[in-house]
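This report concerns side-chain interactions in a single protein model. It is intended to be read beside the sequence and the coordinates.

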Amino acid sequence: MKSVFKWLGRLSFLAAFGLLGFGAQQWYQLENMPVALQEEPLFVVGRGETSSQLINRLSAEPVAALSRRLWLRLSPELTAVRQGTYQLSPGMSVREALTKFVNGDIYRLQVTLVEGLRFQDWQSRLSEAEYLNVELTDLDEAELLARLGSERSKLEGLFLPETYSYTPGDTDIAILERAYREMQDFLAKAWAERAPDLPIKTPYEALILASIIEKETGIAEERPMIASVFVNRLRRGMRLQTDPTVIYGLGDEYQGDIRKRHLQTHTPYNTYMIDGLPPTPIAMPSKEAILATLQPAEGDYYYFVAMGEGRHFFSKTLAEHNKAVRRYILNR
């Protein structure tokens, strides 16, 4: 009888030793197991997925449930994974991947929406952005305005030019909603700090003028000067007479050269023909253009002409301006 118990004891010891050896082998395997990368390096952790489920998705071959449970019992810091899209890299281990999921190191991309462009240019840029879901094609302008909660008639100028980050699966409309809110917030603050006695009645009028300034110059230090010219002309009841508004009003008819007949074509945007501001912005104005509009430079300038390389010559009188036109335009 003693020999039987002795034999059973040895058998139990061997079984325990074998189980311990198997467990150690599985632990070592999981500790060093590389992630099985697919062609697509992005990995989506779904809502409610557990670390145990993710191990099988990450590994090249299925891992026994007992092995997964034991390993995670010894590595409790790997259990609180977060939903999201993550980028995996070659050579990454399952442990490193799970650590990434626990830390919420979600894969983020960026799209830059550039100042001075029109809404249709932004729409095109968003449609080309990587891993961004396109929904704009399903909405017309009025529907998108309604979704934004805007009472305006056009989308032009309502969004703040910035670099926006997003994660795969986000939508182009979600980015525009953020850009719209950012513009509303920035414009409200800038309007509250505007210079006194400006000939601009509303924040929206400030957007309109800022969009014109944005199109007239890309030189930062010139923006307040350009703004002062337009503000001075508005105060005097002079027409703005700015080519970018004419071009915007021409739409597809404009083919790269502005002609005399274009200046004489009546559109709501032809500031050679209409008094005051056009009805809407003509582009997306930057923060700098908005600030220049609401804090213009001091001065008695009423005219400017391009000198080349993006810079302008400013004049106080029409006679000075005509001289500058001959110097910089007609003799070029």
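## Confidence of the model

The model is predicted. Its mean pLDDT is 86, and 90% of the residues reach 70 or more. Confidence is highest in helix H12, at a mean of 97, and lowest in helix H1 (residues 2–32), where the mean is 51. Over residues 7–22 the pLDDT stays under 50, and the model has 1 contact beyond four places in sequence for this stretch. Where pLDDT is low, the predicted coordinates should not be read in detail.

## Aromatic pairs

The structure contains 10 aromatic pairs. The ring centres of Phe43 and Phe101 are 5.4 Å apart and their planes meet at 10 degrees, so this pair is stacked. Phe43 belongs to strand E1 (residues 42–45) and Phe101 to helix H4 (residues 94–103), so the pair ties together parts that are 58 residues apart in sequence. Phe43 is buried, with a relative accessible area of 10%. Phe101 is buried as well, and its relative accessible area is 0%.

The pair of Tyr248 and Tyr269 has another geometry: the centres lie 5.0 Å apart and the planes are at 65 degrees, so the pair is edge-to-face. Tyr248 is located in helix H10 (residues 243–250), while Tyr269 is in the loop between helix H11 (260–263) and helix H12 (287–294), so the contact ties together parts that are 21 residues apart in sequence. Both Tyr248 and Tyr269 are buried.

A pair of aromatic rings is described by the distance of the centres and the angle of the planes.

## Charges over rings

Two aromatic residues have a charged side chain over the ring face. Arg194 lies over the face of Trp191, at 3.9 Å from the ring centre. Lys316 lies over the face of Tyr301, and here the value is 5.7 Å from the ring centre.

## Salt bridges

The count of salt bridges comes to 10.

| Asp121 | Arg118 | 3.7 Å |

How exposed are Asp121 and Arg118? Asp121 is partly exposed, at 28% relative accessibility. Arg118 is likewise partly exposed, at 30%.

Glu162 is in the loop between helix H6 (141–148) and strand E4 (163–166) and Lys287 is in helix H12, so the pair ties together parts that are 125 residues apart in sequence. Glu162 has a relative accessible area of 29% and is partly exposed. Lys287, at 29% relative accessibility, also counts as partly exposed.

Arg311 lies in strand E6 (residues 311–315) and Glu221 in the loop between helix H8 (203–216) and helix H9 (223–236), so the pair ties together parts that are 90 residues apart in sequence. Arg311 counts as partly exposed, at 37% relative accessibility.

Leaving aside neighbours within four places in sequence, Phe313 is in contact with Tyr303, Phe304, Val305, Met307, Ala324, Arg327 and Tyr328. One of these residues, Tyr328, is 15 residues from Phe313 in sequence, and the two are 8.8 Å apart in space, C-alpha to C-alpha.

In a regular strand the side chains alternate between the two faces of the sheet. Strand E3 (residues 109–112) has Leu109 and Val111 on a covered face, and Gln110 and Thr112 on an uncovered one. E3 pairs with E4 in the antiparallel sense over 4 bridges. Within this pairing, Leu109 of the covered face stands opposite Tyr166 in E4.

Technical notes: Residues numbered from 1 in each chain as written. Predicted model: local features only at pLDDT ≥ 70, side-chain atom pairs only at ≥ 80, totals over all residues. Heavy atoms only, no water. Phe/Tyr/Trp six-rings, centres within 6.5 Å; stacked < 30°, edge-to-face > 60°. Helix = DSSP H or I, 4+ residues; strand = E, 2+ residues; numbered from the N terminus. Buried < 20%, exposed > 50% of the residue type's maximum accessible area, 1.4 Å probe, protein only. Lys NZ or Arg CZ within 6 Å of the ring centre and 35° of its normal. Salt bridge = Lys/Arg side-chain N within 4 Å of Asp/Glu carboxyl O. pLDDT = per-residue confidence, 0-100. Contact = heavy atoms within 4.5 Å. Pairing = 2+ DSSP bridges.
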